[in-house]
Protein chains: 2
Amino acid sequence: MGATKTEIFSEQQNRIADLAKAFAHPARVAILQLLIAKKACVCGDLVDELPLAQPTVSQHLKELKRIGIIKGEIDPPRVCYCINETVWEEARQVFGSLLNALMTEKTTCC
Amino acid sequence: MGATKTEIFSEQQNRIADLAKAFAHPARVAILQLLIAKKACVCGDLVDELPLAQPTVSQHLKELKRIGIIKGEIDPPRVCYCINETVWEEARQVFGSLLNALMTEKTTCC
DNA sequence: ATAACCTATCGTAATATTGCGATAAAGGGA
DNA sequence: TCCCTTTATCGCAATATTACGATAGGTTAT
């Protein structure tokens with residue numbers, strides 16, 4: 001064992017978990033914040049802003065791309081990354097309904 | 001290496017990452033959904049609802065407690081878990097501002 | 001006291017993640 | 001063509017996470 005048993009959970013639950021992983025590491029949070037503020041966009045600029053080695057940043061960018069929350073446009077020899085607004089909106093919607101679910105229900109248990 | 005270099009990131013970034021970890025595993029998403037819907041609250045009921053062994057569920061509950069998003073009240077011999085509304089509100093606020101930040105900015109880069 | 005029940009913890013195994021040096025790949029310009 | 005710049009990938013090491021059987025701990029009921 002050691003691997004997450006994804007097959008026993010719903011599509012929705014797995015998607016939420018995947019989207020959350022985009023924010024589950026401070027380096028990725030920093031990258032996303034930089035992309036939003038547009039203080040950086042090109043991979044090299046991100047490396048300059050972050051106290052991490054270039055391969056490490058590249059790996060985090062790859063993970064964010066896998067999740068779909070960013071997209072990269074090659075502009076040789078650079079690659080310009082930006083937020084994928086469609087997936088960002090999905091995350092907004094998903095976390096919005098999850099986090100607002102508590103409001104509609106009433107806590108009466110313990 | 002292999003450990004996250006938490007010391008080089010801001011408190012805020014590390015807190016966001018930690019809160020996101022609560023949602024970064026489908027089992028924890030399922031647990032939180034059950035706690036919200038109050039289909040279960042007692043540890044044993046959660047184990048019944050989830051296709052995971054009791055120690056595994058207990059471990060996820062421990063992680064959620066570490067983050068602070070749930071709290072457990074012992075009601076011997078049971079333990080009744082529920083959402084910690086204060087931290088849940090923190091998460092709502094944190095993810096809300098992060099996910100809404102894109103709206104205020106305008107995407108003009110790539 | 002002992003039995004029964006419920007949950008936590010320990011120990012272990014398997015897999016995943018994080019980080020980085022070295023190196024490859026891809027394109028532009030001399 | 002040969003470099004130069006930039007990014008991706010490989011390979012490795014260290015640490016973290018996930019999962020569960022076995023067992024311990026704590027409380028109630030008998």
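## Contacts with DNA strand C

In this predicted model, a polar backbone atom of Cys43(B) lies 3.4 Å from a phosphate oxygen of DNA strand C. Of the atoms of DNA strand C within 4 Å of the protein, 67% belong to sugar or phosphate, and bases account for the rest.

There are 28 residues around DNA strand C, and those that come nearest are Met1(A), Gly2(B), Lys5(B), Ser58(B) and Tyr81(B). At least two residues of the surface near DNA strand C are supplied by each of α4 (54–67) of chain A and α3 (43–49), α4 (54–67) and β2 of chain B. By class, this surface near DNA strand C has 14 nonpolar, ten polar and four charged residues.

Which residues come nearest to DNA strand D? Of the 28 residues around DNA strand D, they are Gly2(A), Lys5(A), Ser58(A), Tyr81(A) and Met1(B). Sugar or phosphate holds 67% of the atoms of DNA strand D within 4 Å of the protein, and the rest belong to bases.

Residues of both chains contact the phosphates of DNA strand D. In chain A, an N or O atom in the side chain of Lys5(A) is 2.7 Å from a phosphate oxygen of DNA strand D, while a backbone N or O atom of Val79(A) lies 3.4 Å from a phosphate oxygen of DNA strand D. In chain B, an N or O atom in the side chain of His25(B) is 3.3 Å from a phosphate oxygen of DNA strand D. The elements giving two or more residues to the surface near DNA strand D are α3 (43–49), α4 and β2 (78–83) of chain A, together with α4 of chain B. The residues of this surface near DNA strand D divide into 14 nonpolar, ten polar and four charged.

## Relation between the protein chains

Chain B is superposed on chain A by a rotation of 180° with 0.0 Å of shift along the axis, giving an RMSD of 0.0 Å. The two copies are therefore related as by a two-fold rotation axis. Among the residues of chain B, Ala20(B) comes closest to the rotation axis, with its C-alpha at 2.7 Å.

## The interface between chains A and B

In the interface, 46 residues of chain B are in contact with 46 residues of chain A. Of the interface residues of chain B, 100% are also interface residues in chain A, so the copies meet through the same surface. The size of an interface is often given as the accessible area lost when the parts come together. Between chain B and chain A, the buried area is about 4300 Å², and carbon and sulfur atoms give 74% of that area.

Zero salt bridges are counted between chain B and chain A, whereas ten residue pairs are in polar contact between chain B and chain A, with both residues at pLDDT 80 or more. On the side of chain B that touches chain A, the elements giving two or more residues are α1 (11–21), α2 (26–37), β2 (78–83) and α5 (85–104) of chain B. The most is given by α5(B), with eleven residues. By class, the side of chain B that touches chain A has 29 nonpolar, nine polar and eight charged residues.

## Salt bridges

Side chains of opposite charge can pair when their charged atoms come close. The count over all chains comes to ten salt bridges. One of the salt bridges joins the side chains of Asp18(A) and Arg66(A), at 3.1 Å from N to O. Asp18(A) lies in helix α1 (residues 11–21) of chain A and Arg66(A) in helix α4 of chain A, so the pair ties together parts that are 48 residues apart in sequence.

## Backbone features in loops

A cis peptide bond joins Pro76(A) and Pro77(A), with omega about 0°. Pro77(A) is placed in the loop between β1 (70–75) and β2 of chain A. In chain B, the peptide bond from Pro76(B) to Pro77(B) is cis, with omega near 0°, and Pro77(B) is found in the loop between β1 (70–75) and β2 of chain B.

Lys38(A) has a positive phi of about 55°, although this residue is not a glycine. The place of Lys38(A) is in the loop between α2 (26–37) and α3 of chain A.

Terms used: Residues are numbered from 1 along each chain as its sequence is written. Chains are lettered from A and ligands numbered from 1 in the order in which they are written. This is a predicted model: local features need pLDDT of at least 70, side-chain atom pairs count only at pLDDT 80 or more; totals for chains, interfaces and linings use all residues. Side-chain values use heavy atoms; hydrogens and water are left out. Copies are superposed by least squares on the C-alpha atoms of residues with pLDDT of at least 70 in both. Contact means heavy atoms within 4.5 Å. Buried area is the accessible area (1.4 Å probe) that two parts lose on being put together, summed over both. A salt bridge is a side-chain nitrogen of Lys or Arg within 4 Å of a carboxyl oxygen of Asp or Glu. A polar contact is a pair of N or O atoms within 3.5 Å; within protein, one must be able to donate a hydrogen and the other to accept it, and residues adjacent in sequence count only if both atoms are side-chain atoms. Helices (H or I, at least four residues) and strands (E, at least two) are DSSP runs, numbered from the N terminus. Ala, Val, Leu, Ile, Met, Phe, Trp, Tyr, Cys and Pro count as nonpolar, Asp, Glu, Lys and Arg as charged, and the others, Gly among them, as polar. A residue is near a molecule or strand if one of its heavy atoms lies within 4 Å of it.
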